[in-house]
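Here is a short briefing to read with the structure open beside you. Take your time, and find each residue as you go.

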Amino acid sequence: MARPGDPWTRAELDALRRLYPSHGCRWEGWGRLLPGRTPDAMVAMAHKLGCPRRRDALRGFSRADAACAARHLRAMAEETGHTTSQCAALVGVALAAANERDGNRAGRGRALSDDEERELLAEWRAGATKAQVARSRGVSERTVQRWIYDAMAREAWGLI
């Protein structure tokens, strides 16, 4: 069972990416799939992964715009063999990564380069604690945790 502050596993990220868009954070099945993860933690991670929220997905767009996007997502899903929800999540993560690379981080602090993210994940997986990484890089543990989550999400999608 996950405890607050525990890193997300690849299986948890995959389940969240696949099921969050259709079920949201209040689905009773989350307790079985992601034991120990709170609804707030799921919302935060789903947002980082770029998972769409149903109620906000069509705000500001016409029905024709939504139909066009759905056609493109279905075509992408057919070509890649993934679900349309997975394709939508990938588009969100790719856009977030592009925005970060272009400096459009909306106040989220310094972005790491791809090499820095790989180095961070290798260091963390080798057993370094968040506190050790934070001290060595001169940042807070919270920043290190955010970097780890962001790097894991981009790694899961093959972006680093």
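Arg 125 is found in helix H7, which covers residues 114-125. Helices here are DSSP runs of H or I with at least four residues, strands are runs of E with at least two, and both are numbered from the N terminus. The model is a predicted one, in which local features need pLDDT of at least 70, side-chain atom pairs count only at pLDDT 80 or more, and totals for chains, interfaces and linings use all residues. Residues are numbered from 1 along each chain as its sequence is written, and side-chain values use heavy atoms, with hydrogens and water left out.

- Arg 125 counts as partly exposed because its relative accessibility is 46%; buried means under 20% relative accessible area, exposed means over 50%, and partly exposed is in between, with a 1.4 Å probe and protein chains only.
- Not counting residues up to four places away in sequence, Arg 125 touches Met 152 and Glu 155, where contact means heavy atoms within 4.5 Å.
- Two packed helices are described by the angle between their axes and the distance between the axes.
- For H7 and H9, the angle is about 110° and the axes are 10 Å apart; axes are lines fitted to C-alpha atoms, for helices over the stretch in contact, and angles run from 0 to 180 degrees between N-to-C directions.
- H7 and H9 are therefore roughly perpendicular to each other (angles under 35 degrees count as roughly parallel, over 145 as roughly antiparallel, 65 to 115 as roughly perpendicular and the rest as oblique).
- On the H7 side, the contact is made by Glu 117, Leu 120, Leu 121, Trp 124 and Arg 125, and on the H9 side by Trp 147, Ile 148, Ala 151, Met 152, Arg 154 and Glu 155.
- Sorted by class, the residues of the contact of H7 with H9 are seven nonpolar, no polar and four charged (Ala, Val, Leu, Ile, Met, Phe, Trp, Tyr, Cys and Pro count as nonpolar, Asp, Glu, Lys and Arg as charged, and the others, Gly among them, as polar).

**The contact of H8 with H9**

- The axes of helix H8 (residues 130-137) and helix H9 (residues 141-156) come within 8 Å and cross at roughly 105°, so H8 and H9 are roughly perpendicular to each other.
- From H8, Lys 130, Ala 131, Val 133, Ala 134 and Arg 137 meet Glu 141, Val 144, Gln 145, Trp 147 and Ile 148 of H9.
- The contact of H8 with H9 holds six nonpolar residues, one polar and three charged.

**The contact of H1 with H3**

- Helix H1 (residues 10-23) and helix H3 (residues 39-49) have axes that come within 10 Å and cross at roughly 85°, which makes H1 roughly perpendicular to H3.
- H1 brings Leu 13, Leu 16, Arg 17 and Tyr 20 to this contact, while H3 brings Met 42, Val 43, Met 45, Ala 46 and Leu 49.
- Eight residues of the contact of H1 with H3 are nonpolar, none is polar and one is charged.

**The two faces of H3**

- Met 42, Met 45, Ala 46 and Leu 49 are buried in H3.
- These residues lie on the same side of H3 because they cover an arc of only 105° around the axis, the arc being that of the directions from the helix axis to the C-beta atoms.
- Asp 40 and His 47 are exposed, on the face of H3 turned away from its buried side.
- After H3 comes Gly 50, with a positive phi near 80°.

**Two loop residues**

- Cys 25 sits in the loop between H1 and H2 and counts as buried, at 16% relative accessibility.
- Leaving aside neighbours within four places in sequence, Cys 25 is in contact with Tyr 20, Trp 30, Pro 39, Met 42 and Val 43.
- Cys 25 and Ala 46 are 21 residues apart in sequence and 9.1 Å apart in space, C-alpha to C-alpha.
- Pro 35 is in the loop between helix H2 (30-33) and H3, and is partly exposed with a relative accessible area of 31%.
- Not counting residues up to four places away in sequence, Pro 35 touches Met 1, Ala 2 and Trp 30.

**The whole protein**

- The secondary structure comes to nine helices and zero strands.
- Of the 160 residues, 31% count as buried.
- Among contacts between residues at least 6 apart in sequence, 63% join residues at least 24 apart.
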